Amino acid sequence: MMDHLRRKLCFLKGLVWIFSSLCVIVVADSLPQCNEGDYYFEYTECDSTGSRWRVAIPQRPGECTGLPDPVQGTDCTFTCEAGEFLEMSAQECTQCAAGSYSLGSGIRFDEWDDIPPGFSSVATYLDNTPRGQEGPSCNGSSWIAQGSYVESNRDECSVSLVYAVHLKKQGSVSFDYQYVDNNIFFEFFIQNDQCQEMEKTSSQKWMKLTSNGEWSKHTVSLKSGTNVLYWRTTGVTVGAKVVKPVLLKNIQIEGVAYMSECLPCKPGTFSKAPGSSSCEPCPRNSYSGRGASSCTPCNTSTHYALEGSTMCKARPACSEKDYFQIHSICDEEGKTQVIYKWMEPKICLEDAPGAVTLPSSGKREPCPPCNPGFYNNNTATCLPCPQGTYSDGLKECQPCPAGTEPALGYEYKWWNILPANIKSSCFNVANTKCDGMNGWEVAGDHIHSGAGGSDNDYLILNLKVPGFRLPTSVSGTSGTEIGRVTFVFETICSADCELYFMMDTDRRSTNVVESWEGSKEKQSYTHIMTKNASVSYTWAFQRTNQAKDVRQYIGDMVKIYSITVTNALDGVASACRACAIESQQPGSACVPCPAGYYIDEETNQCQECPPNTFLSGHHVYGRDACQSCGPGSRSNKEHSLCFSDCSFTHTELNQTLQFDFSPLGFTGSIMNGPSFTAKGTKYYYLFNISLCGVEGHRPAVCSDNVTDLSDKDPHSAEANSVEAFICQSTVIPSDGRGFRLALSSQSTSLADTFLGATVEKSLNGVAARPELFQAPPKRVPDINFYYRSPQTTSSCENGRNTVVTLRCNPEKSGKGEISVPRQCPAGTCDGCTFHFLWESSSACPRCTEADYHQIEGACKGGVQDTVYVWTEPRLCTGGVALPVKRSAACEMIDFWLKVGAGVGAFCAALLVSLTCYVWNKNKKLEFKYSKLVMSANKECELPAADSCAIMEGEGEEVEDEVVYTKPSLLGKLKAIATK
């Protein structure tokens, strides 16, 4: 029965198969033949021999039949040149048509209206908030397309721009980027399809900072196969302002082997010739759409278009925002005037309703004088004074008197034309319409930012200094100051304008020294140079960082009134300074003074500074140039600085305390925290402290390891490290954002100069705040070490100060423990003065004989021990040691003690004998007296006073004569006792 059912089921299955086959044949016969538009060609994966097949893929499967058969494909290493694409039908390279372009074996992403297909923006946020708190979300953080570039997020989330590409051969990736804010960590790295980071890019993953308004190109080699590209940024505000995003554009990848089609030119660009590898932007007053081979001109009488435009725009009526004023160059008569000019390119209409006209030029006025160190010699051009001469800009150049030398430098305070070593320019990250414009304009007594082409342009002023040279008299000194730059400025803003002051040393990389936001009153800023190098100073002004088509903040500007640079190598002299001369003979030349010597005012010869004084900067003229060192410090041999030798003496109430801080003299560290930013980034403040330094040198170093990793030479000047007595870094631990190592950034010097050590609560304007810490023990005072960092900031006009308080605590180790005030966990309450408490047993005074006492033991076995113990509580360290236990021979009873005991015993025996004798004698007299009284009472009369009858027989016992006297004290006592 079962076999029968099984045979029947097999028969039914066969019928179903035959019916299905017949249906397929019928359907295939009814489908039309495939045309060329119904399919496309692709290559199969390459096999082990490097071969592949070309196969046809239907556009819509199941709608046609008769696809071409697979054929042998080109070799896997086959490539096309730039401007060509691989025509798959013939498997040959063909030139791109006009209006399109090709990179040949690469792809380019230069259009960022949206995030292109294949790219993804991934926000990551690790849970590092304290337990019990919910971390903020990073779901809204992403890279943002901005038309011609893409910018990173502006918050603290870690956001990666990711793109995966499969290369047929070895290739490369290159991109342009802007990275101006060191509050962002920007890294680029590559992973394979196993999510393993490529080893070759580990030293190139950290991007270097760029100058404001400048693009840098970065190129990394790629291996064949799958490559996953990551552009990752992590913002760290840590109390700072909003971070400036990273900008990317022109991402180009080589190694894709071929392009199957050409890419159309994006709107605003065109390619007029076949075989183009790129598209050109449309010129001004023309536009184009996508895939254009030429640009369409605008009707310039009513419309305009900027370079690279996609459409023509109507010209607006001219307004006050469409022109600006400049000062003309001095003419032959020494006159100048204010001239008004239309902004270029001019897009407004003067004859439109409500339009304003260009104001007429101002009156011709006398030109400002030449800058100090220059003279015009009755011409319109100011020329530098010859070597060895000086001028204040008004008088002719004169030679320096005997015993003096020119004080070289720059002093620009009159602005008729730009000096030869100052250049101005304009730059915009998104367009080129301000290229070639003057970023700054001279205005007589100041120079101000120019109009630019857009409100978000960077208006750049650059001053180049080839190097520095110290005056002859101080060339032998060892001071730290090589030169300084000082400028006076003000900003007038109605929006979020910002002024950057940047410095580039030896053409390595430009770093922001200081920046100011918003309107600022007229003020001065000074930066001190400590290394002799070629320097480029840059001032960059941006009215707003938001791009807009319509100008709104043309009136916002920055004015710089003066720029002064001292000791410039190619500088001119505005005055002469005294120098040391070799002898008193006329015409004696200037000679350098040895280190630690000053110039005597009377003889103009070098004299050594007194002990424990130092020369302030490079002022060496006169005895007053030698300044006294602070308390608790002494000068080095060169008299260039004062330092502490880690010893300190304090006298109070006729008691002298001596301290030795040598165990604390080397670098100590404190890392307080953790703290968390608004987005939950965990960070610490790391302070490195070198209490005494080494002969005044500052061995405490704080480094930015992100800069070090991006620099192949970590010892180069480009590495961002700070050397000081005390420095600070912001440290993000390796688990703070998923980094593989802790990141250190924002390194800052807090102490460059040692002011002194004292128990006083203030020194040279720097005040300690003992109330921030617990009260110290009264027996040992706190010792305050005072430091100063002269570099000023926008918030600290007088620089930063630091106070390290040393406190004796015997319970701490020799290295001790450093703490910061609880009320101010960052070490400072005002951002300018930092306070540290260093508790250590090494901060206790050195021990003396007054800190211990002796204890004598009992005499045992003829030996007596004397031991010495510290007086508790012990508040001293080092110094004298406790004397060893002293033992001395002794007797049980001393000789004189025996003599004394014998004499005492004899006297006691004698006293007892006399007492017994007297007592016995007294008893006999008392008895006789009693007998006499009794006999007198019997006869009722007393015997005669002059005689006494003695009973017969009594005289044999005592023959002494009885004499009546006044009772003694002893007798009275005995009588009382008897009664």
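Student: Why is C626 called buried?

Tutor: Buried means under 20% relative accessible area, exposed over 50%, and partly exposed in between (1.4 Å probe, protein chains only). C626 has a relative accessible area of 6%, so C626 is buried. C609, at 4%, is therefore buried as well. This is a predicted model: local features need pLDDT of at least 70, side-chain atom pairs count only at pLDDT 80 or more, and totals for chains, interfaces and linings use all residues. Residues are numbered from 1 along each chain as its sequence is written, and side-chain values use heavy atoms, with hydrogens and water left out.

Student: What makes C609 and C626 a disulfide?

Tutor: A disulfide is a pair of cysteine sulfur atoms within 2.5 Å. The sulfur atoms of C609 and C626 are 1.9 Å apart, and the two residues form a disulfide. By this rule the count comes to 22 disulfides.

Student: Why is the disulfide of C609 and C626 called left-handed?

Tutor: The torsion about its S-S bond is about -65 degrees, so the disulfide of C609 and C626 is left-handed. By contrast, the link of C702 and C727 is right-handed, with 80 degrees about the S-S bond.

Student: How do you know whether C579 is buried or exposed?

Tutor: C579 has 0% relative accessibility and therefore counts as buried. C590, at 24%, counts as partly exposed. The sulfur atoms of C579 and C590 are 1.9 Å apart, and this pair forms a disulfide.
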